[in-house]
Amino acid sequence: MLRFEGVSFRYPEDELGMVENLSFQVADGEFVAIIGASGCGKSTVFRLINGLERPDGGKILVDEKPIETIKNYSAFMPQKDLLFPWRSVEKNVSLPMELGKVPMGEQEKRAALVLEQVGLADYAKKYPKDLSGGMKQRVSFARTLLSGADMLLLDEPFSALDYLTRVEMQEWLLAQWAHYHKTILFITHDVEEAIFLAKRIYIIQDARPFTQMESIEVPLGYPRNREALKQGEIVELKESLIGKLRRSVSL
Ligand SMILES: Nc1ncnc2c1ncn2[C@@H]1O[C@H](COP(=O)(O)OP(=O)(O)O)[C@@H](O)[C@H]1O
Ligand SMILES: [Mg+2]
């Protein structure tokens, strides 16, 4: 479980703070989306979670332990795939294991397994240039998985993909989540994407610095399909979230 307890943070070169006295939590195995206007601080929350930035005040706990005292609890996947063009797909996927000094034979075994699971077994020996955008993001996801962390931080991972690929990747991601039982935090500016994927949505509405995220349950179970997005209740939820975001932008 992840818990923010009264966390405050300001970039030293910024006049305005990013977050102030922010508290929220995410349970093990949850799929939570975070939405908010561009520039409101979503990525900064991820930087705080994975320890790239230290809070000026408050505590960030994972399983009640301060994150400064633990390692490898979270893995980050960015919007752009950041694959190394000179490494094959399997070698790209193996990178976190290489850094973690996992024995070679074991690396190969785990890479083959995960590539099978993400539907890329036939691409192990190919290079990033041979892959479509959606495939590259699957490789990137596989690499994130192989870091061994239980909490995955996905920062707008599908936003650069065309619409149909994005829709396929959303379905694919839910299947991966069902298979691996990881905790997923997913930043998006796409309200429909948040609703389709998440069990719960955190919405950031305050002007900077923000002090709270409103938690909204998505009234759908799993497995899900896109038909569910047509339900009246879901259409209303979508409109209400768009309304909240628009009000926050006009602040
Ligand atoms: N490394 C940084 N150093 C200084 N300021 C930053 C840094 N990263 C982000 N910011 C500031 O914080 C703002 C919001 O950041 P970010 O968390 O990336 O927002 P979001 O992901 O919601 O778009 C940026 O517009 C910028 O002004
Ligand atoms: Mg961002």
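This is a predicted model: local features need pLDDT of at least 70, side-chain atom pairs count only at pLDDT 80 or more; totals for chains, interfaces and linings use all residues.
**From a loop residue to the ligand site**

Glutamine 205 sits in the loop that links β9 (200-204) to β10 (214-217). Glutamine 205 counts as partly exposed because its relative accessibility is 22%, and the buried class ends at under 20%. Its side chain makes a polar contact of 3.0 Å with the side chain of glutamate 214, and β10 spans 214-217.

Of its 5 residues, 5 are buried, so β9 is largely enclosed by the rest of the structure. The cover extends to both faces: Arg200, Tyr202 and Ile204 are buried on one side, and Ile201 and Ile203 are buried on the other.

What strands does β9 pair with, and in which sense? With β3 (residues 31-36), the pairing is parallel and consists of 5 bridges. One of the residue pairs here is glycine 36 with isoleucine 204 of β9. With β10, the pairing is antiparallel and consists of 4 bridges. In that pairing, arginine 200 has glutamate 217 of β10 as its bridge partner. Strands of a sheet pair through backbone hydrogen bonds, in either a parallel or an antiparallel sense.

Another sheet is open and has 4 strands, arranged β2-β1-β4-β5 with antiparallel pairing. Its edges are β2 (19-26) and β5 (65-66); each has a single partner strand, so one side of each lacks a neighbour in the sheet. For β5, the pairing with β4 (residues 57-62) is antiparallel over 2 bridges, and valine 62 has lysine 65 as its bridge partner in β5.

The helices come next. The buried residues in α1 are Lys42, Thr44, Val45, Phe46, Leu48 and Ile49. Glycine 51 follows α1 and has a positive phi, near 80°.

Helix α2 (residues 89-99) has Val89, Asn92, Val93, Ser94, Leu95 and Met97 as its buried residues. An α-helix has 3.6 residues a turn, so residues three or four places apart point the same way. The cover over the buried residues of α2 includes α3 (104-117) and α4 (133-145). Just after α2, lysine 101 has a positive phi of about 60°.

Which residues are closest to ligand 1? They are Gly39, Gly41, Lys42, Ser43 and Thr44, out of 13 residues that surround the ligand. By class, this shell holds 4 nonpolar, 5 polar and 4 charged residues.

A polar side-chain atom of glutamate 13 is 3.3 Å from a nitrogen atom of ligand 1. A polar backbone atom of cysteine 40 lies 3.3 Å from an oxygen atom of the ligand. The side chain of serine 43 places an N or O atom 2.9 Å from an oxygen atom of ligand 1. Ligand 1 exposes 560 Å² when taken alone, and the protein buries 66% of that area.

Notes: Residues are numbered from 1 along each chain as its sequence is written. Chains are lettered from A and ligands numbered from 1 in the order in which they are written. Side-chain values use heavy atoms; hydrogens and water are left out. A residue is near a molecule or strand if one of its heavy atoms lies within 4 Å of it. A polar contact is a pair of N or O atoms within 3.5 Å; within protein, one must be able to donate a hydrogen and the other to accept it, and residues adjacent in sequence count only if both atoms are side-chain atoms. Accessible areas come from the Shrake-Rupley method with a 1.4 Å probe; for residues, only the protein chains shown count as cover. Ala, Val, Leu, Ile, Met, Phe, Trp, Tyr, Cys and Pro count as nonpolar, Asp, Glu, Lys and Arg as charged, and the others, Gly among them, as polar. Buried means under 20% relative accessible area, exposed over 50%, partly exposed in between (1.4 Å probe, protein chains only). Contact means heavy atoms within 4.5 Å. Two strands pair if DSSP finds at least two bridges between them.
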